[in-house]
Amino acid sequence: MKKAFVLLFILFQIRPLWAITFEDGIFPELATSARALAMGNAYICKVDDASAAFYNPAGLGTVRYPHFHISNIALETNKGGMQASTGGPVANSFSNMPKMFSIDGIRQVMYKNPGKLAHSRIHAQPNFTSRYFSFGFLFAKRTRAVVTNIISPTGFEFADRTDMGPYAAIDLSLFGGILKFGASGILLNRKELIGTADPAATIVVNSNTYQSGTALIATFGSKLTLPFTLLPTFAATIHNGLKTKFSGGGTSGVPTTIPQSMDVGFSITPQVGTATRIHLEANLKDLTFAHSGIAFTRRILLGMELDFSRIFFFRLGYGDGFGSAGLGVKSKKLEFDLTTYAVDTSTAAYRGTEDRRFAIAISSGF
């Protein structure tokens, strides 16, 4: 019995600890921005676009001109998902891509690629945004999976979440825009499923299997921009400011309540040329430690954006212990961003296992 216990202990210890879940403590925003992710997600001071509703509603006060974004779509994958879906014949790559957004589809792809962690996200946010006011609809779907053992009945681990709902945000600017306050609310419909399954068997998931529910999630924010050289800015954001819980779930219950958390930030924006600016920002996520088990060093985010004539952008960042980067092009009718960033998927306190991700975002309208 003693030898058997020791053997089981060893097997448990060498089993990959993928922590199949979502990184809500580091990335609590319901709608992420490819621009922000390129800056290490340090964005609550800079935010001046439609994503202000979720990063910091006070940022609406710095929106330059109103726009109606008919399409505001982002697609995201990671290194493991790309290797798994494109590793075979070219013809298979085209059929594998859509599979990465469903539980059984991603199981089929990852069954042939055990040990690789796959991540996919599709995000759509059509909206109208102007200075002081924004409204739209959010749809965001994330799927993560890994096959740890192809012969185990629990060797396929997965997490799947879909968020959707209408939202609106407002901003109040005082003292000529020096002090700004903002608030947003989304009637969030969430369904999610985290579990294990046999990697060799077809998975049929019905709607009752998911935890699902509806909640009115409020986000509050503020910005103080001093009218001095470098434009020093202080900002704060409170997520789920009303501490709302999900209700109306099915037989599997409701999703876990989104913790109320606070992010704070500081930035400067020096002018380095006639039409060139550089923005430098530092954020501290979850000041109140609402999310447990995350080291302080992982909650420090740093970002930089180099702005050429408000058209071309080069970005660098540091978040969750890893570097990020991106390029962007922006006009009144079109925005295009390419981004790479990473998260820590291990239980280590700092810089454990890197999950490198890649995102592309396109927004068009008038």
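Visitor: On what basis are the values computed?

Guide: In this predicted model, local features need pLDDT of at least 70 and side-chain atom pairs count only at pLDDT 80 or more, while totals for chains, interfaces and linings use all residues. Residues are numbered from 1 along each chain as its sequence is written, and side-chain values use heavy atoms, with hydrogens and water left out.

Visitor: How many aromatic pairs are there by the rule used here?

Guide: Rings of Phe, Tyr and Trp (its six-membered ring) pair if their centres lie within 6.5 Å; planes under 30 degrees apart are stacked, over 60 edge-to-face, and the rest tilted. The count by this rule is 8 aromatic pairs. Among them is the edge-to-face pair of Tyr 43 and Tyr 55, with 5.4 Å between centres and 90° between planes.

Visitor: Are Tyr 43 and Tyr 55 buried or exposed?

Guide: Buried means under 20% relative accessible area, exposed over 50%, and partly exposed in between (1.4 Å probe, protein chains only). Both Tyr 43 and Tyr 55 are buried.

Visitor: Which residue lies over the face of Tyr 210?

Guide: A charge sits over a ring if NZ of Lys or CZ of Arg is within 6 Å of the ring centre and within 35 degrees of the ring normal. Lys 191 lies over the face of Tyr 210, 4.7 Å from the ring centre. Arg 35 lies over the face of Phe 313, at 5.7 Å from the ring centre.
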